[in-house]
Amino acid sequence: MTCRRICRELLWLARFGEFGPSSQPHLDHLAGCASCRDEVGYDRAMVQQLRVALAERIEGMTPSPDVWQRILHRAQAAEPAPARMWSWSTAILARLRTVSAVTASGLALVLALNMEVVPVALPSASEPAPITPTALAAPTASFSDDQHLLVERPPLEPRPYTDAEVGGESIVPEPEGRVMQLDAPVIAQPGTASNDPVAGSLVTEIRVSFRSPLSPEPTFFDDTPAVMAEPIDVLPSVPEAGEPS
Amino acid sequence: METKQPNDLVERMQRGDLDAFEEFFNTFKRPVYGTALAITRDPFLAEEILQDCFVKAYKVRERLDPARSPLPWLQRVTINLCYSRVSRRRTLAEPITSLITNLVVDLAARPDQVVESREVLEVLQRGIDSLPAKQQTAIILYYLHGYSLAEASEIARCNVGTMKSRLHYALKALRVRLPVERRVRVGTPVAVRVPR
């Protein structure tokens, strides 16, 4: 071990008074090394001077006699009011922070998902309850042939909006009609469907779907049916040559 | 801890007993004021900090643990108040090179002659002022108040090893500020170390 390292360790031991049986080599070195003795001696002298310097800072200084009265006055006077102000202001600020955070999160979500915000009109007591999709009767389906499935939609009720709500434009109920859904290949047999007549029916909407071999339910390309500009007649299915009618 | 508290002092204070609060103040004002004064070196500012500390103690008296001495908490609050105020006032320490130059002759002698030097004390005072806050706190707690390493580390909220390290580096920094030419022997060439 070098003299410099021993000296460093000696300083550490001397500063914190941690001399013990394991310090014997250091003490032996100290006995024979004048340089280390000087170092340790100087360090101890410096620590003594440090204590003196620190003591000088507070020597003879005491707080003024009236400091207790000032503390008492402040402790008694200032205690309740700030507590109330703190609780009120903190509660308000906390609520404002929560509302701001929720609003900001909602707006960020709308922007992120490119969602459209629409006003929601709450129905009043005098107005009839709006017709919800679940209130509509389920459409009935029938096969025209093995390639076409006809879905008959029940008549729609007039929408519960008033003319004023749509800017004076009159809303008329959608005409009753039939919805043709192209579906190929059709797995179900035509005989299982109803025998409603098909020819001459009006087709107002067309939806195209496909069937997966793994799923019996058809998957539509688009949930929104395309409303046809002009209703078309559905031609009766014509049996192929040689096929029994 | 150096200052002991009466057993039920904090409990009585928690019940709103102002006599207990006054007794509490008289019991702990000296170490608190000493710490504030040692850090700030300004009696007026130290007194303000003393007031702030005890007003705060009264406000949060419900949270004080009657089973433990409040002195570490009081000292910690005092130290925090001191540095929050001193940092706004602290100016750059003056160069001490000239003082060191004047000390060369004195420090060429033995350390026991050094302790008599007024200039060394001034160098040390300036050195203490220029120490980082954590090292300054460490030497005030350990060398001024005489807290043990465990007590000082409890107040400073660090472990004992960290407290030793802070003390070690504080003393090392102070030594650097003192001239090393103290080892000058007659006719011996010396390498002069420049203070950092």
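Two exercises with worked solutions follow, on a predicted model. Residues are numbered from 1 along each chain as its sequence is written, while chains are lettered from A in the order in which they are written. In this predicted model, local features need pLDDT of at least 70.

**Exercise 1.** Describe how helix 2 of chain B and helix 8 of chain B pack.

Begin with the geometry: helix 2 (residues 18-40) and helix 8 (residues 133-144) of chain B, helices being DSSP runs of H or I with at least four residues, have axes 11 Å apart and an angle of about 130°. Angles under 35 degrees count as roughly parallel, over 145 as roughly antiparallel, 65 to 115 as roughly perpendicular and the rest as oblique, and the two helices of chain B are therefore oblique to each other.

Next, list the residues in contact (C-beta atoms, placed from the backbone, within 7 Å): Gly34(B), Thr35(B), Ala38(B) and Ile39(B) of helix 2 meet Gln136(B), Ile140(B) and Leu144(B) of helix 8. By class, this contact has 4 nonpolar, 3 polar and no charged residues, with Gly counted as polar.

**Exercise 2.** Find where in chain B the pLDDT, the predictor's confidence in each residue from 0 to 100, stays under 50.

Start from the whole chain: chain B averages a pLDDT of 78, and 71% of the residues score at least 70. Where pLDDT is low, the predicted coordinates should not be read in detail.

Key:
Predicted model: local features only at pLDDT ≥ 70, side-chain atom pairs only at ≥ 80, totals over all residues. Axes fitted to C-alpha atoms, helices over the stretch in contact; angles between N-to-C directions. Contact = placed C-beta atoms within 7 Å.
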